[in-house]
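This report describes one protein chain, from its overall make-up down to a few single residues. Please keep the sequence and the structure in view while reading.

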Amino acid sequence: MFDQFFSQISFVDVFNFCVFITFSICYTYQLYYVFVVLTRKPPKHVAEKNHRFAVMISARNESAVIGDLIHSIKVQNYPQELIDIFVIADNCDDDTAEVAQEAGATVFKRFNNKEVGKGYALDYGFSCVRDRYADRGYEAYFVFDADNVLDVNYFREMNATFDSGAKASTSYRNSKNYDSNWISAGYAVWFLREAKFLSQARLTLNTSCAISGTGFFIAADIIEKHGGWKWHLLTEDIEFSAQSILDGIRISYCPTAILYDEQPITFRDSWNQRFRWAKGFYQVFAHYGARLAKGTVTNPKGKRFACYDMLMTIAPGMLLTIVAVTFNAIILALSAAGLMSTGIAIASSVSSIFFCLFNYLVFMFMFGVLTTFVEWDSIHSTTAKKVRYMFTFPIFMLTYIPIALVALVKKCQWTPIRHSISVDVAELSDAHSQKKGERI
């Protein structure tokens, strides 16, 4: 019986089985994250004192939205004398600097066409602050994108996290424009899933999170130690996270500090942004992957799993799907051309391609449904759109496959996305407060 069974197994089956086992071993722990979130409450901190913060905003041609962000900072339920706002007007050819200054920010204009990107702009901003305002005694720096707006209790909640001893922390990332179309909804669900089922689980389990583009703080002594912002890969946020975890620094998360972010609404903008992210993740993996793998063994106890988790975050897991699909497609092409035997190999390849893509879609659909229902009241849209976009979310995620493939072979330059959506932050804050049964 066993001889008959093994005689029907081709090398294609063996390859596909190995890919499946590898993927399962690497990422099954994230299912445990879901269980943790659904069964345990995250720790909550209460601040004993208010701390002094500086806000860093890198902006390039963001005159349409930056005033909303600055206003949302100015109306915080937190002592305004403890918050200073700095805007780096980076290679702007509009009136971003003037709008930001009129709204109450201190503006640093930067013109540099050789060192392009948010990382370089932040480094310039930190240099200006450290040179000109060192006497103000900032204890931590917040980093936001110009299109963000903040819940009115954002600083109060993040201050509690900082006061608890966190050296860096990310926050709850919601979206301004979930219901613009299936693309913006796809982003929104992904970031809600990241906040709820990754960051919150890590917080509850006392391991390290990762900062994700915007809505985070970093303790001033870390910036002083490195002499500014010294992370300049395409995904400078993930690079900082990898370096911090290697250094044994735990990145925290504050689920009650709510930030609203604007998402792209055209596929072209979405492609360009996610292409940069994919390329940046490859860069971080190339620079830090080996050290993170080593850190899973050599880092002090209690900090090894964070290295493994970050390694899985930056590892090109999408490539496993691409490799499996490509391999089986090649087998099909060779069989069709008569260059190899047909029969079992063709059947195995066809079923494997279908299996990989179908499983990926089902898995993403389940995550989309789970995230939407768990965060239902936090999503600002109609019931009909929430249900509709649960079905489009896996399609949105499927488009990552060609993006990840192209990012392997094509060069990428940092390019900003123009933002234009203005929102009433009071309405967003009020909607969220009603969900929690309190009035902000």
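Helices and strands are here taken as DSSP runs, a helix having at least four residues and a strand at least two, numbered from the N terminus. The model is predicted.

**The chain as a whole**

The chain has 17 helices and eight strands. It is made of 440 residues, and 53% of them count as buried. Among contacts with a separation of 6 or more, 81% are between residues 24 or more positions apart.

**Two helix pairs**

Two packed helices are described by the angle between their axes and the distance between the axes. The table gives these values for two pairs.

| Pair | Angle | Distance between axes |
|---|---|---|
| α10 (residues 236-246) and α11 (residues 267-298) | about 5° | 10 Å |
| α8 and α15 (residues 383-398) | about 85° | 9 Å |

With an angle of about 5°, α10 is roughly parallel to α11. On the α10 side, the residues in contact are Ile238, Glu239, Ala242, Gln243, Ile245 and Leu246, and they meet Phe281, Val284, Tyr288, Arg291 and Leu292 of α11. Sorted by class, this contact has eight nonpolar, one polar and two charged residues.

The second pair has an angle of about 85°, which makes α8 roughly perpendicular to α15. From α8, the contact takes in Trp182, Ile183, Ala185, Gly186, Tyr187, Val189 and Trp190; from α15 come Tyr389, Thr392, Phe393, Ile395, Phe396 and Met397. Eleven residues of the contact of α8 with α15 are nonpolar, two are polar and none is charged.

**Helix α10**

How many of the eleven residues of α10 are buried? Eleven of the eleven are, so α10 is largely enclosed by the rest of the structure. The buried residues include Glu236, Asp237 and Glu239 as well as Ile238, Phe240 and Leu246. Just after α10 comes glycine 248, which has a positive phi of about 80°.

**Tyrosine 187**

Tyrosine 187 lies in helix α8, which spans residues 182-204. Is tyrosine 187 buried or exposed? Its relative accessible area is 2%; the cut-off for buried is under 20%, so tyrosine 187 counts as buried. Apart from residues up to four places away in sequence, tyrosine 187 touches Gln263, Pro264, Ser270, Gln273, Arg274, Trp277 and Phe396. One of these, serine 270, makes a polar contact with tyrosine 187, side chain to side chain, at 3.1 Å. Asparagine 177 is ten residues from tyrosine 187 along the chain, and their C-alpha atoms are separated by 9.8 Å.

**Asparagine 174**

Asparagine 174 belongs to strand β6, residues 168-175. With a relative accessibility of 3%, asparagine 174 is also counted as buried. Which residues is asparagine 174 in contact with, leaving aside neighbours within four places in sequence? They are Leu192, Ile258, Leu259, Tyr260, Asp261, Ser378 and His380. A polar atom of the side chain of asparagine 174 lies 2.8 Å from the backbone oxygen of serine 378.

Conventions: Residues numbered from 1 in each chain as written. Predicted model: local features only at pLDDT ≥ 70, side-chain atom pairs only at ≥ 80, totals over all residues. Heavy atoms only, no water. Axes fitted to C-alpha atoms, helices over the stretch in contact; angles between N-to-C directions. Parallel < 35°, antiparallel > 145°, perpendicular 65-115°, else oblique. Contact = heavy atoms within 4.5 Å. Nonpolar A, V, L, I, M, F, W, Y, C, P; charged D, E, K, R; others polar. Buried < 20%, exposed > 50% of the residue type's maximum accessible area, 1.4 Å probe, protein only. Polar contact = N/O pair within 3.5 Å; in protein donor to acceptor, adjacent residues only side chain to side chain.
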